[in-house]
Amino acid sequence: MAKLFIKQAEQYAAARPNYPIKLFEFIASKTPCHDLAWDVGAGSGQASRSLAGIYKKVIATDTSSKQLEFAAKLPNVRYELTPPTMTTSEIEKLVATESSVDLVTVAQALHWFDLTTFYSNVKHVLKKPNGVIAAWCYTNPEVNAAVDKVFQRFYDEKLGPHWDKARRLVEDGYRGIEFPFEKVDDDDDDDDESTGSQSLPVNKFVTEREMVLEEYMTYLRSTSAYQTAKEKGLEILTAEMEGEFADSWKEDGIEKKIVRFPIHLLIGRVGEGRRV
């Protein structure tokens with residue numbers, strides 16, 4: 001996964017949206033203590049920055065040193081370059097000891113993980129019985145009818161053939177992903193459902209970012225599918241395609257637009273008996 005993002009790490013850091021503070025407040029409300037959070041797949045630190053304002057310490061890990069180069073340096077955030085999978089001893093050395101972590105977060109990255117190993121590590125480090133794991137993804141950007149129409153065609157015809165199969169989990173809002181944790185009740189959402197130990201996505205958050213056209217195009221270039229196409233020698237954002245985006249962007253006469261990304265959240269708790 002890391003290889004897909006190395007070359008466009010700077011674009012990723014510049015173009016990707018930050019997450020709304022209400023998302024972190026909601027997640028933090030489910031952890032009794034706010035001492036230690038582990039942000040996995042931290043990338044350029046979009047989530048780590050917000051966690052640092054709530055938790056005393058944040059450990060932010062990623063497999064890409066290039067991504068971590070662009071992460072904000074904060075006094076209570078420790079960044080660690082880690083291998084794609086880690087043994088229990090490596091977890092204890094690089095991340096945290098057993099039953100010491102209040103919260104594990106994964107922002108827009110869970111679909112890339114070896115889930116069996118990762119969940120084993122999560123259950124090892126989370127406090128019992130109140131340690132929480134929260135994983136979320138955001139789906140396609142929404143601007144307006146004109147821009148979204150061009151985007152959908154670009155997504156289906158140009159990006160589509162170059163997505164890794166794991167991307168399908170994002171398109172489905174993480175509804176098809178394994179998540180073996182106890183349901184965390186959402187007192188404000190009576191429509192939330194669960195099946196067994198599966199916590200289904202809570203789709204009540206949206207992240208927004210104001211963008212001009214070039215920032216929007218930078219976002220498109222930061223996708224893994226675009227990078228994969230480039231590796232194959234294909235430029236899928238052709239001059240013609242860019243022209244279509246430019247025309248649709250100008251249609252309403254507004255240069256800076258609010259770009260919305262719907263967020264799909266999985267949140268669960270490791271129970272008293274869930275030890276590795």
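Select helix α10 (residues 213–221) and helix α12 (residues 239–250): they pack at an angle of about 140°, with axes 11 Å apart. Axes are lines fitted to C-alpha atoms over the stretch in contact, and angles run from 0 to 180 degrees between N-to-C directions. Helices are DSSP runs (H or I, at least four residues), strands likewise (E, at least two), numbered from the N terminus. The model is predicted, with pLDDT of at least 70 needed for local features and 80 or more for side-chain atom pairs, while totals for chains, interfaces and linings use all residues. Residues are numbered from 1 along each chain as its sequence is written, and side-chain values use heavy atoms, without hydrogens and water.

Show side chains next. L213, Y216, M217, L220 and R221 of α10 meet E242, F245, A246 and W249 of α12 (contact: heavy atoms within 4.5 Å).

Now go to K56 and D35, whose side chains form a salt bridge at 3.4 Å, N to O (a Lys or Arg side-chain nitrogen within 4 Å of an Asp or Glu carboxyl oxygen). K56 is exposed at 59% relative accessibility, whereas D35 is partly exposed at 31% (buried is under 20%, exposed over 50%, partly exposed in between; 1.4 Å probe, protein chains only).

Select E142 and R260 for another salt bridge, 3.2 Å from N to O. E142 is in the loop between β5 (132–138) and α8 (145–159) and R260 in strand β10 (residues 257–269), so the pair ties together parts 118 residues apart in sequence.

Finish at E235 and K230, a salt bridge with its closest N and O atoms 3.3 Å apart.
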